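Subject: Structure for you to look at

Dear colleague,

I am handing over a structure that I would like you to read alongside my notes.

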Amino acid sequence: MISRHGTGRAQRAAGRLRRRVRGGVAAGAALLVLTACGGGSSGDGEEGTGGAEDAAGTPGPAAARTSLTFRPAAGQDTAGLKSAAALMRHRATAMGLRETRVDVAAGAITVSAPGASKAKLRVLGEQARLDFRPVRNQAPVTAKAQCPPAGGPSEKPLSACATNGSDVRYDLGPVAVPGTDVARARARLDEQSAQGWLVDVTFTAAGARRFAALTAELAPKAPPANQLAMVLDGTVISAPVVQQQLTDGRVQISGSFTRSSAEELAAQLSAGALPVRLQVSG
C-alpha cells in the first residue's frame, strides 16, 4: 500500500510541463498511483533522417509552419543527433502533430510543423529521462536557486529537489529502476472515477521485478527511508511512502491533466529519453 505523501514538479510552464504529485492506492489493485496537477555532437552539413514524419504524410504550406532549433548542451556527433531526431519524430506522431519535419544539419536539430505552438514543439526536445530512486533523507530549502534540475550517473547518489510552494531537497540513492524499464505509457480519460486524464505506465518484465524488489526493500524502513522518488529530468516529481511490496509493474500518473498534456507526457515516456540534452536556440 502507498500512503498519500510526496510532492514534485514535472510539467512545463513556458515550454515545460509542471505538476504536483502525491502517492496513493487504487482501490482493488496494488498500483503505485502518482497524482499530478498540471496545466495543462555535431552533424555539420548533414541532413537528418528527416523529411516529414506525420499522420498525413504531406508537407504543409511553408508560411504556416512554426519552427524551433535545438542544439546539444554538450558536443554530440551526427549519429547521436540522428538518434535523438528519430525519437522526436516518434513523439510528434504520438502527440498527433501532423506534417512534422525533424531535420539534422549544422550540428543542430530543426523541428517544424504547421499550426503548432512553440511550446508544443519544445516538448519534443525535452530529454524526459525518468528514474526511480530510494530516498535516504530530505530537508526543506528556502531559496529556489538551491534547487536547479540535478544530474549525475545512475549508479551514484543524487541530491534533487521537488517544489510544492516551498522547496524540499531529497538525498537519493542510486537508480533502482531506470526509465528504460518502461515498456509503454498511454494517456486515457478516466470516466469511471472522474479523475480526468491519466497516464498509465507499464514496466517491462525486468522493470516489474526491479520495482517489486525496490518496494519490498523500502516498505519496512522508517521515514524517510521508506519513500520512493520518481525523478524526471533531474526533478523529483513524487516521493510516496511505500507500505507494502508492489508486484503489478504498473504506475499511474493522474490529476488535472488536459488531454494535450497527458498525451505529451505519454509520448515522451513511450518514445524514451533523448540520448542528449537539448537546448532551444531559436
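What follows is an account of confidence, strand pairing and salt bridges.

Please keep in mind that this is a predicted model, in which local features need pLDDT of at least 70 and side-chain atom pairs count only at pLDDT 80 or more, while totals for chains, interfaces and linings use all residues. Residues are numbered from 1 along each chain as its sequence is written, and side-chain values use heavy atoms, with hydrogens and water left out.

Confidence is given as pLDDT, the predictor's confidence in each residue on a scale from 0 to 100. The chain has a mean pLDDT of 77, with 74% of its residues at 70 or more. Helices (H or I, at least four residues) and strands (E, at least two) are DSSP runs numbered from the N terminus, and among these elements confidence is highest in helix α3 (residues 205-218), at a mean of 96, and lowest in strand β2 (residues 20-25), at 30. Over residues 1-61 the pLDDT is below 50, although this stretch has 220 contacts in the model beyond near neighbours in sequence, a contact being heavy atoms within 4.5 Å. Where pLDDT is low, the predicted coordinates should not be read in detail.

Turning to the strands, two of them count as paired if DSSP finds at least two bridges between them. Strand β7 (residues 130-141) pairs with strand β13 (residues 228-232) in the antiparallel sense over five bridges, and also with strand β10 (residues 177-178), again antiparallel, over two bridges. F132 takes part in both pairings, for this residue stands opposite M230 in β13 and has V177 as its bridge partner in β10.

A salt bridge here is a side-chain nitrogen of Lys or Arg within 4 Å of a carboxyl oxygen of Asp or Glu, and by that rule there are nine salt bridges. One of them joins the side chains of R188 and D200, at 2.3 Å from N to O, and it links distant parts of the chain, with R188 in strand β11 (residues 182-190) and D200 in strand β12 (residues 196-203), twelve residues apart. With buried meaning under 20% relative accessible area, exposed over 50%, and partly exposed in between (1.4 Å probe, protein chains only), R188 is partly exposed at 23%, whereas D200 is buried at 16%. R186 joins R188 and D200 in a network of salt bridges.

With best wishes
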